[in-house]
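This report describes a surface patch and a ligand site.

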Amino acid sequence: MTSLIECAWLILGLIHFGAPLTYYYYLSRKLSEKPWDIEINKNKLHLPEITVVVPTYNEETLIEKRLDNIYEQDYPKDKLKIIVIDSASNDQTVELARRWAERHKDIKLKIVEEPVRRGKPRALNKILPIIDTDILVVTDADSLWFKDSLKKAVNFLANPDIGVVSGIKTPMTPRGDSPTKEIEETYRTFYNKIRVYESKIHSTPIIAGELFAVKKDILTNVGGFDLINDDSYTAMKIVSKGYRAIVSDDVKIIELAPVTMKSYRKWKITRAQHLIHNFVSLIKCIRRYPSQVRKIITIEAFFHLLNPWILLSATVLFMISMIGLSLISLLTILVLTSLLLHPKTGSLLKTWITEQLLLISAAIKNLRTKSEVWEKIEEVRTTVLTSQRSV
Ligand code: GDD
Ligand code: MN
């Protein structure tokens, strides 16, 4: 009996850790040096008229910084319009955006106000009809772009096969010593690479809402933004129509991340809830996708939907088998402890386990509610005020 349980947790553990490691190393070997198969004219940049859309709900601490950062983009001002779509903020957001517009008359900024808050996706869909450029780029108030991010993202859209472009995210935790910094940075290092590799194959099923560049006609044809997962699932609806959704490592995004574990957990659980919704929906209509994308969806759906539960099962079985205290369980404890104590593998393992726990909590939460309107993490907005760092 004990050896059967031991066998079971060993196999489950191997699957849990082995599958993502194999995927990561397979993609790295095959794709890290591979150039993009997307034809774009590198000498003459494609700089069409575009609209940058900033959805806001109570963003008084960040809105001016966000607008400044868009203004400072290396993109011709006469080709750049900004729309701030605000949903019933009860702070100074709208007033500050209005005053910002008065100070920057060389750029067109329109402010649209919704009388009630119905969530970011609905707010975005509301303003779709008033966008009069072929390309729109959505961004969040709590993010920043590198100077060349916008022009590099838009340039990819010159290619007729590309429907959506996004970039790689780097977290910025306003206080340097935060316990979440290590976890989020380690997570992003691997995640970003995988997003780019998947994009080189065809498309990645995880796209960042902090820079979401899309062709308006294609977006309208798929019915606008998805009401639960406005970034990844919307992009994948576009992929189902034959276009590609890519993340480029040339397009860099900075996002403010929470500093305390409590806020971090909340922040990540909502995101994980949205991702779970994305993968459940994708699995249901997987036949609509080309075969390379189907493989990516299957693997990522496995990682996000099943793999965390495999770890949980392996752990429970491991605990049961510990009663017998066999050689193999002692060895496992030894290996795990030394991996945890080593700085590099320790941080990887901590990050990995945190992510698995967050996915499990999110799956349980999704049984009750999948909210279109989510709780904003205030801490991200307040700590930035005291931060000395700027981009
Ligand atoms: N207009 C409007 N109405 N804007 C809103 C609303 C709303 O009801 N709720 C939030 N926003 C704005 C925020 O002010 C911010 O600019 C942006 O939408 C993102 O909100 P966050 O609260 O910062 O979202 P997040 O970081 O947790 O969400 C992440 O996941 C979302 C979907 O899964 C980001 O990646 C988002 O880009 C993504 O949409
Ligand atoms: Mn955010």
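## Nonpolar surface patch

In this predicted model, Trp309, Leu312, Val316, Ile320, Ile323, Ile364 and Leu367 form a nonpolar patch on the surface, with about 700 Å² of accessible area together. Patches of this kind join nonpolar side chains (Val, Leu, Ile, Met, Phe, Trp, Tyr) within 5 Å, from residues with over 30% relative accessible area and no salt bridge; accessible areas come from the Shrake-Rupley method with a 1.4 Å probe, and for residues only the protein chains shown count as cover.

Helix H10 (291–322) and helix H12 (343–368) each supply at least two residues of the patch, and H10 gives the most, with 4 residues. Leu312 lies in helix H10 and is partly exposed, with a relative accessible area of 36% (partly exposed lies between buried, under 20%, and exposed, over 50%).

Of the 24 residues around ligand 1, Glu59, Ser87, Asp140, Asp230 and His274 come nearest; a residue counts as near if one of its heavy atoms lies within 4 Å. By class, this shell has 7 nonpolar, 6 polar and 11 charged residues. Helix H9 (261–284) is among the elements that supply at least two shell residues, and H9 gives the most, with 3 residues.

A nitrogen atom of ligand 1 is 2.7 Å from a side-chain N or O atom of Ser87, and a polar side-chain atom of Asp142 lies 3.0 Å from a ligand oxygen. The protein covers 97% of the 750 Å² of accessible area that ligand 1 has on its own.

## Basis of the values

Residues are numbered from 1 along each chain as its sequence is written, while chains are lettered from A and ligands numbered from 1 in the order in which they are written. Local features need pLDDT of at least 70, side-chain atom pairs count only at pLDDT 80 or more, and totals for chains, interfaces and linings use all residues; side-chain values use heavy atoms, with hydrogens and water left out.

Key. Patch = residues over 30% accessible without salt bridge, like charges linked within 9 Å, V, L, I, M, F, W, Y side chains within 5 Å. Salt bridge = Lys/Arg side-chain N within 4 Å of Asp/Glu carboxyl O. Buried < 20%, exposed > 50% of the residue type's maximum accessible area, 1.4 Å probe, protein only. Polar contact = N/O pair within 3.5 Å; in protein donor to acceptor, adjacent residues only side chain to side chain. Nonpolar A, V, L, I, M, F, W, Y, C, P; charged D, E, K, R; others polar.
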